[in-house]
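Welcome! Here is a short briefing for anyone meeting this structure for the first time. Have a look at the sequence and the model, and then we will walk through some of the main features together.

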Amino acid sequence: MNRNRYLADYVTLLIVAVVLALVPLGVGGSAYYLRIATLMLIYMAYAVAFNIIFGHTRQLFLCIGALAGSSAYLSVVLVTKGSLPPWATIPLGIVFAALLGGVFSYVSVRRGLGVIFVGIVTLVFSLIFHNLILGLRELTNGETGIETRGLGAAALESGRGSYYVILAVLMACLVVYHLLMRSRAGMAFRAIADDEIAAELAGIDVTSYKVLAASVGSALVGAVGAVYAYYSGFINPTVYALVSVDIVVLITLLLGGMGTLLGPVLGGVLFAVLDELVRPLGRLNVLVYGVLMIVLVITFRHGLVAALRKIAKVRIP
Amino acid sequence: MIAILVDGIVQGLQLSLMAVGITLIYGLGGVLNLAHGQFAVVGGITTALFIGEGMNPLAACALGVVSAGVLGLAVDRTVLVPAYRSAGEERLLLGLLITLGLSFVVNGYLDYKYPNIALTIRLATPSFNVVGITIRTASAVVALIAIVAFVLLFAFLKGTLLGKVIRSVIQNEVGAGLCGIDPGRIRTLIVTLSAMMAGLGGVAQGLFSSLGTEMGNELTSFALIVAVVGGVRSINGTLAAGVLLGIVNAFASYFVGAYLTLIILLGTAVFTILLRPAGLFAYRT
Amino acid sequence: MSALIAVEGLKVAYGDMPVVRDVSLEVRQGEAVAVIGPNGAGKTTLFKAIAGMLKPRGGKILYRGARIDGLRHCDTVKRGVVYVPAERELFPQMTVLENLELGAYTNYKSRRERLEFVLRLFPRLAERRSQMAGTLSGGEQQMLAVGRGLMTRPSILLLDEPSTGLAPLFVSELYRQLSRLKEEGLTILLAEQQVPHALSFTERAYVLENGAIRLFGKSKDLLGDPEIQRTYLGVA
């Protein structure tokens with residue numbers, strides 16, 4: 001009985017892995033499209049993490065970019081200034097991001113902060129992060145940023161190799177998501193998202209589960225952020241700004257569907273296509289994203305997966 | 001020292017000008033206007049452009065404020081309607097996300113139409129002397145604008161019927177409805193008023209330093225911080241908090257430098273949210 | 001005499017849950033009518049629907065013969081149907097005077113004479129005219145809520161459980177003042193859990209249980225009804 005229920009999830013994960021693995025072949029030799037595909041994977045992974053934090057426990061963390069950047073900068077700075085190898089510093093970045101996210105969550109729940117205040121606090125954190133990076137110029141090189149080529153993360157520097165490494169990271173995120181959702185934590189999340197007060201009364205330790213969601217989500221964000229730093233060849237504050245990460249993640253999840261397994265993946269594909277279509281518009285692309293976000297939030301709030309579920313009458317994960 | 005204090009107070013007044021708009025719209029059932037800074041930038045840029053064309057500064061300022069107001073009106077009647085149709089947490093989320101998207105729309109458009117813009121509103125005399133202290137004319141003008149604006153605002157809210165009606169909708173939307181007040185029309189008025197205050201804030205920003213697209217998000221953030229510290233539902237609190245933070249900003253910048261100061265301010269906001277979510281100067285209900 | 005308010009076959013639901021099922025009642029000019037019933041019977045929902053705050057799923061609400069069930073709340077107030085909820089919904093950071101003034105919003109020109117009238121009716125409010133509404137006691141807040149409702153010279157006042165949270169002394173005083181209003185010709189529709197007061201104050205009453213009218217008639221008769229006595233008056 002139970003196996004059947006998760007069969008759909010496993011099949012989905014397998015299909016996703018296979019399809020995405022085939023993409024580099026479909027793309028031929030084009031380094032340009034390979035890069036776009038790789039970026040798509042990155043954003044999918046961010047979206048999976050945000051899905052856990054916001055999609056399932058309604059914690060509006062408007063600081064995904066800052067969390068990713070915190071992990072990335074910590075890792076890179078430790079490599080450049082501390083002469084440690086990347087594979088040692090990336091876990092540190094992950095832990096750091098997880099700690100930050102966990103603390104934000106814990107303090108917010110403890111103080112009974114509503115969605116708005118969590119949003120404000122995390123937005124302020126994004127600002128603090130941005131200015132901290134600019135201010136600690138000796139460590140971070142400020143606005144100019146740091147080159148990450150040749151720092152030792154060789155696996156992330158080749159074209160195809162990077163793609164598969166990052167695909168592995170994405171699959172890991174999806175698997176973590178799946179395992180989390182099918183555990184007792186997942187049930188708690190559903191109850192909390194439905195009616196937090198009722199969940200509390202029913203004996204669910206809302207604080208612990210929310211902090212868990214935030215920490216796990218932030219850890220994943222940290223992982224993706226750090227990996228991206230080495231992949232892209234350089235980092236600077238703009239790479240992890242609100243307009244670079246958070247809005248993309250929000251649109252991706254709105255497009256795909258929050259609270260679902262496939263949501264981030266489908267949303268990521270749609271967004272990648274959209275991004276390409278919008279590229280010739282140059283600077284106007286931000287405007288398009290803004291319009292898209294407004295339209296999605298108003299009309300298409302539940303995303304593609306929900307729409308497909310209705311049409312196909314099949315419980316797509 | 002006094003020069004720093006004066007500078008701080010003036011900066012604080014500008015911050016309050018921005019923050020008051022946030023407080024007004026938040027009173028509409030928790031809609032957090034993340035596009036507030038964009039209203040300011042539109043107002044400021046319009047003013048600067050018209051002054052550049054040779055228009056009388058006062059007229060240009062009025063035009064800038066009006067243009068910000070018109071934008072606010074348009075936003076309220078179109079994009080915010082779905083948020084008003086819902087209530088409670090859904091309204092919070094919708095309002096937040098819609099205005100976030102809106103901020104990107106305005107930013108994107110400005111970036112496209114006026115890439116790399118950095119406008120300043122220059123005045124005839126850069127500074128003058130009072131009692132041996134050199135005061136930048138810009139500071140004096142900003143202070144004057146802000147004080148006049150606040151005096152008018154307070155007089156309007158406390159003295160006129162419309163002002164009382166606005167306060168009533170902010171204090172209790174249901175109660176206002178019971179009196180036969182149409183919350184929808186009042187909301188539009190509040191959003192327009194708030195946008196105009198933001199426009200003034202943008203003009204002030206243009207006088208102080210420079211106006212560019214990226215200022216929008218920064219202005220929103222500062223407005224949020226001040227509004228939060230002063231109490232998102234209290235207009236008096238917002239004014240007090242703005243001046244206070246302005247003074248803190250001025251002194252801290254002088255002693256510890258720009259970045260650390262910013263972090264101090266942001267930290268203050270976070271602490272206030274954690275210790276007294278209603279704001280430092282909010283009413284004890 | 002034709003009905004001031006006539007409700008026919010009203011159905012109101014929250015989502016899928018029906019709360020008011022097929023309710024019909026009427027209130028004639030100058031009458032005081034009570035709607036009594038246990039918690040959750042649907043009294044507040046019924047009142048909110050009449051006031052235009054909720055949209056009914058079916059049925060009609062007629063005021064002076066014209067349908068008002070499609071109107072917005074602020075428009076029903078303009079017509080003279082004023083609702084005073086149990087939660088009062090005052091403006092806490094405004095003075096008693098300001099609260100009353102705003103009550104006259106739809107009839108602003110006549111606010112001065114109405115103010116005199118209301119302050120004479122509720123001398124306690126006159127004493128505290130410059131006090132913030134949020135600092136008033138429960139009983140005073142209730143008076144202010146009723147007073148505010150009166151400011152617009154309503155044709156009918158819908159009072160929802162006005163005795164909620166009030167000490168017995170205040171309840172008696174409140175009903176004394178309501179009687180004076182009745183003498184002035186005000187039509188009142190009252191929802192109450194305090195059954196004895198409600199039934200002695202009104203001419204007719206409806207018993208609402210589970211969203212439907214179970215019983216109705218002259219208040220006097222209902223007071224004497226053994227079942228009512230058992231259920232609502234605690235008489236064995």
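Let us begin with helix α2 of chain B: 14 of its 17 residues are buried, so the rest of the structure largely encloses this helix. Please keep in mind that the model is predicted. The points below are grouped by topic, starting with this helix.

**Helix α2 of chain B**

- α2(B) covers residues 36–52, and at 1.5 Å a residue its 17 residues should span 24 Å; the C-alpha atoms at its ends are 25 Å apart, which agrees.
- After α2(B) comes B:Gly54, which has a positive phi near 100°.

**Chain A as a whole**

- Chain A contains 14 helices and 2 strands.
- Its radius of gyration is 19 Å, close to the 20 Å that the globule rule gives for 317 residues, so chain A is as compact as a globular protein of that length.
- Along its principal axes, the C-alpha trace of chain A spans about 50 × 50 × 40 Å.
- Of the 317 residues in chain A, 49% are buried.
- Among the contacts in chain A with a separation of 6 or more, 77% are between residues 24 or more positions apart.

- α3(A) is mostly covered, with 14 of its 19 residues buried.
- A:Ser83 follows α3(A), and its phi is positive, near 55°.
- Helix α7 of chain A, residues 159–182, has 24 residues and reaches 35 Å between its first and last C-alpha, close to the 34 Å expected at 1.5 Å a residue.
- Which residues of α7(A) are buried? They are A:Ser162, A:Tyr163, A:Ile166, A:Leu167, A:Val169, A:Leu170, A:Cys173, A:Leu174, A:Tyr177 and A:Met181.

**The largest nonpolar core**

- The largest nonpolar core has 278 residues, of which A:Ala45, A:Tyr46, A:Val224, A:Met293 and C:Leu158 touch the most other members.
- Helix α10 of chain A, residues 206–232, gives the most to this core, with 16 residues.
- Leaving aside neighbours within four places in sequence, A:Ala45 is in contact with A:Val169, A:Leu170, A:Cys173, A:Leu220 and A:Val224.
- As background, nonpolar side chains tend to be buried together in soluble globular proteins.

**Where chain B meets chain A**

- This contact takes 36 residues from chain B and 30 residues from chain A.
- On the side of chain B that touches chain A, the elements giving two or more residues are α5 (88–113), α10 (215–230) and α12 (258–275) of chain B.
- α5(B) gives the most to that side, with 17 residues.
- By class, the side of chain B that touches chain A has 29 nonpolar, 5 polar and 2 charged residues.

**Where chain B meets chain C**

- Here the contact takes 16 residues from chain B and 19 residues from chain C.
- α7 (161–171) and α8 (173–178) of chain B are the elements that give two or more residues to the side of chain B that touches chain C.
- α7(B) gives the most to that side, with 5 residues.
- The side of chain B that touches chain C divides into 6 nonpolar, 7 polar and 3 charged residues.

**The sheet in chain C**

- In chain C, 4 strands form an open sheet in the order β2-β1-β4-β5, with antiparallel pairing.
- Why is one side of β2 and of β5 left without a neighbour in the sheet? β2 (17–28) and β5 of chain C stand at the edges, and each has a single partner strand.
- Strand β1 (residues 3–14) and strand β4 (residues 58–63) of chain C run antiparallel and are joined by 5 bridges. In this pairing, C:Val7 stands opposite C:Ile61 in β4(C).
- β4(C) also pairs with strand β5 (residues 66–67) of chain C, in the antiparallel sense over 2 bridges.
- C:Leu62 has C:Arg67 in β5(C) as its bridge partner, while C:Tyr63 stands opposite C:Ala66 in β5(C).
- β4(C) and β5(C) form a hairpin with 2 residues between them, and C:Arg64 in the turn has a positive phi of about 50°.

How values were computed. Residues numbered from 1 in each chain as written. Chains lettered and ligands numbered in written order. Predicted model: local features only at pLDDT ≥ 70, side-chain atom pairs only at ≥ 80, totals over all residues. Buried ≥ 20, exposed ≤ 12 C-beta atoms within 10 Å, placed from the backbone. Contact = placed C-beta atoms within 7 Å. Nonpolar A, V, L, I, M, F, W, Y, C, P; charged D, E, K, R; others polar. Pairing = 2+ DSSP bridges. Expected span 1.5 Å × (residues − 1). Rg over C-alpha atoms; globule rule 2.2 N^0.38 Å. Core = buried A, V, L, I, M, F, W, Y, C linked by C-beta atoms within 7 Å.
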